[in-house]
Amino acid sequence: MAEILQILILGLALGGVIALMGSGLSLVFGVMRIVNLAHPALIIGGAYITYLAFKAFDIDPIAMLPVAAVTMAAVGVVLYRLLFQREARSAKYSEMTVLLTFALAMMVEGLLGSLFTNTQRVTSPDYATAAFFIGDVFIPKGQLYAGLVSLAIIAALSLFLKYSRLGYAIRATTQNREAAELLGVNVQFISVLAFAIGIGLAGAAGSLVSFVFSFFPAKHWEWIAMLMSVVVLGGMGSILGTVVGALILSVVAAFVGTWIGATWSTLTFFLALFIILLVRPQGLFGEKPEMA
Amino acid sequence: MTKLLEVTNITAGYGDGPAIIDGAHLTVEPGKVHCIIGPNGAGKSTLLKAICGMLSIRKGDVVFKGERLNGLRPDQILRKGICFVPQERALFAKMTVRENLRMGGFILDDKKELERRIEGILERFPILRERADQHAGTMSGGQQQTLAMARTLIIKPDIVMLDEPSLGLAPKVVQEMFDIMKMMSAEGVTVLLVEQNALMGLKNADWGVVLDLGRTLFEGPAATVLADPRIQELYLGGKKAA
Amino acid sequence: MTVTLQDSSASAVIEARRTYNEKLSRKTDQTRATWFPLALLALLAALPLLQFVGNYNYVLHLVLFTASYVAMASSWNILGGFAGYVSLGHAVFFGVGGYFSGMLLARYGISTLITAPLAGLVAAAIGYGVGLVTLKVRGPSFIISSIALLMIARILFDNWHFIGGANGLTLPTNDLTVQWAKLPYYYAMLAIAAFTVWSAYKIKHSKFGLGLRALSKDEIKAESAGIDTRFYKVVAFALSAFFVGMAGAVWGEYLTYLRPNIFLLILVSANMVLMCILGGKGTIAGPVIGAILIVALNELFVATMGASEINILGTGLVMAIGLMFFPLGLVGTLARSGKLPRILNWD
């Protein structure tokens with residue numbers, strides 16, 4: 001019983017971080033129909049920003065989170081203007097953007113690789129290796145903090161989307177871009193905004209990832225399928241779905257990892273992705289079957 | 001004769017593609033129902049999209065109340081008072097009727113005023129009140145079209161442009177749509193309509209415009225357009241019409 | 001306001017309509033030049049004669065490497081170009097082919113040159129099975145599923161001890177002297193590349209190919225026109241895995257070792273996609289030209305900047321630029337503007 005509780009807690013804490021990693025991906029797809037394969041590579045970008053600050057000035061990774069988020073959001077604006085703005089009216093838009101973001105992922109990987117080499121990195125604040133104990137169950141502080149911060153950020157994002165005027169506009173654009181435009185929403189601005197928020201979330205996730213996982217530039221290939229499975233399970237474009245998908249899958253993966261073997265825990269995500277795409281492509285909360 | 005909107009000699013197309021309309025012109029007078037007719041691919045929808053800012057205008061001018069609209073975004077043009085309902089009706093299928101109406105007033109800053117206007121719309125269109133809390137996507141075609149047209153009234157626009165409001169509707173329902181249009185124009189809202197069913201459209205309009213191959217061939221009072229033998233032959237399906 | 005409808009107005013429209021219709025019906029007047037690829041092939045077949053006058057192993061290696069990608073890109077083109085299903089997981093079939101023939105070589109000493117067609121069949125069978133499952137979805141979902149396929153294959157190969165796991169296997173080398181050691185693989189790869197390009201041409205111009213192109217435009221309409229789209233797609237997937245598997249088989253023995261991080265690399269998949277896009281998706285000459293361009297570019301990056309990270313950066317950059325500015329590729333762009341030189345029109 002204690003073992004099950006232990007695995008559950010580890011899975012949930014990790015699930016929180018994965019939810020944050022996936023939320024930006026989901027938002028960007030929802031508003032712009034861009035399947036951003038470069039999202040994990042940009043998360044790694046955020047992780048390096050945090051890592052550098054930690055190594056050079058001993059700045060705490062969580063304290064560095066806003067900086068990483070804002071920096072990556074700015075990167076997002078530039079990327080949007082350079083890569084996606086002109087594609088907005090392309091006929092094969094969705095396929096085109098997948099390939100473009102794939103190219104972008106390679107560029108980011110290559111750039112980070114030439115700057116920082118492919119050595120495994122990790123930031124090591126004190127809490128990264130510490131843990132709370134409740135009876136026999138231990139909760140690693142690093143994962144717990146990262147999970148809680150992630151969920152707090154996602155909660156703030158959800159409130160913003162639900163109650164602010166801009167959030168209202170973002171949701172309307174997600175549902176029907178043309179209609180939103182015709183009703184007075186500046187969809188160009190909303191697109192840039194949503195893209196910037198999405199990439200900013202990648203930056204924020206990067207800060208947390210930096211002490212939860214070890215990372216190197218090529219690591220993002222492992223994450224893309226993992227995040228895709230989370231986002232697709234939840235339903236592309238649905239933030240709530242992403243959170244639920246992340247929690248479910250990472251708990252399942254934690255059980256698989258403990259009981260069957262660590263190798264198979266990663267496989268859980270990929271197999272899940274396969275199965276979801278085939279059985280229910282719109283995901284749990286998705287309302288957009290045209291994705292399929 | 002006062003002109004509300006004047007389109008002179010415009011050229012527009014999609015992306016880098018060929019020009020769909022090339023040399024189209026149009027005059028819109030306040031308070032009337034204007035009907036654009038022409039065969040498939042003539043550029044009727046494209047013309048409306050160019051006016052409302054969804055397509056960039058390559059040449060020519062769109063002048064509204066003496067102000068050039070070229071290069072403005074759809075949201076900016078909407079704020080000037082031109083509202084467009086595309087063929088797909090631009091509804092939010094997963095939002096309720098009431099939420100759709102609320103989105104219709106997105107550009108209004110006064111929330112209380114918005115709610116008051118929504119009430120007014122529901123008052124005038126009983127069918128919408130009946131369905132107020134139903135998802136727009138679950139309604140019939142005619143009801144959806146009614147909602148799309150009613151929604152434009154929330155911001156009290158000067159011009160409402162409708163792209164084939166009769167598309168896919170039963171004949172009886174089509175007449176209801178035209179009745180709504182007449183009501184709109186009686187209230188001083190100018191209607192600019194694209195209609196595939198040329199005869200029906202012209203009969204319900206004050207002003208007719210014939211568009212083909214991206215050019216305006218002719219514009220004039222609807223009755224004159226209807227009566228012209230050449231137009232009857234080319235665009236109204238033979239000489240039987242009168 | 002008086003209304004006048006001039007006679008000229010109506011007749012001008014009639015005239016314009018006629019011109020418009022003529023423009024539509026005008027056939028593109030281009031004859032293809034099949035002699036050019038044949039001449040190129042003959043030239044390459046004679047190339048090893050250079051070995052009599054010196055050591056041109058590097059040149060042979062480059063041609064062999066290019067030929068392998070010509071085969072893979074042309075093969076990818078059957079699914080990605082004709083049928084419109086972009087796969088980023090085709091490296092899996094490269095790996096399957098390489099490992100299947102490689103294992104036969106390691107265990108029983110049978111050269112991959114003999115077992116390559118068999119390796120192709122195994123890859124095709126796996127492609128058929130995978131296609132049955134993943135071709136239910138299209139667009140971005142299909143692309144993502146193909147990446148997942150590659151990830152799954154990588155984990156399986158990395159952990160399958162029978163085939164050497166992540167460390168891979170070393171294969172026996174042949175007995176030829178250094179000067180001639182490359183030749184069997186050189187000719188084998190050249191033959192595979194030529195066979196693939198020829199097959200792609202035959203497929204494109206068959207009824208089957210027509211069906212694929214129809215479903216790439218609009219699957220529902222293709223279906224209502226009586227095309228069994230599901231069967232067509234799955235067969236296209238199997239075919240496009242077949243040639244990649246053959247290339248993988250020969251490549252393994254040529255390298256003399258098998259390792260997951262050489263075969264099951266997303267960069268390998270990306271290269272196939274990139275070559276087709278750059279050369280011209282759906283054309284016959286496109287993947288060939290794309291392969292030549294990318295291999296040349298790779299050599300340039302490696303020669304001038306060395307690091308493989310720069311190579312990845314460069315590949316990504318070229319891909320992005322190609323996608324944004326030449327979405328139809330070299331052949332496609334030239335053909336659309338009517339400027340395609342005859343020697344590049346193989347369709």
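Which residue of β7(B) does Phe84(B) stand opposite? It's Met161(B). This is a predicted model, where local features need pLDDT of at least 70 and side-chain atom pairs count only at pLDDT 80 or more, while totals for chains, interfaces and linings use all residues. Residues are numbered from 1 along each chain as its sequence is written, chains are lettered from A in the order written, and side-chain values use heavy atoms, leaving out hydrogens and water.

**The sheet in chain B**
- Six strands (DSSP E runs of at least two residues) form an open sheet with mixed pairing, in the order β6-β7-β8-β3-β9-β10.
- Strands count as paired if DSSP finds at least two bridges between them; β6(B) and β7(B) pair in the parallel sense over four bridges.
- At the edges sit β6 (82-85) and β10 (215-221) of chain B, each pairing on one side only.

**Where chain C meets chain A**
- The contact (heavy atoms within 4.5 Å) takes 41 residues from chain C and 40 residues from chain A.
- About 3,600 Å² is buried between the two chains, with carbon and sulfur atoms giving 83%; that's the accessible area (1.4 Å probe) lost on putting the two parts together, summed over both.
- On the chain C side, Ile144(C), Glu309(C) and Met324(C) lose the most area to chain A, together 18% of what that side buries.
- Looking for salt bridges (a side-chain nitrogen of Lys or Arg within 4 Å of a carboxyl oxygen of Asp or Glu) between chain C and chain A turns up zero.
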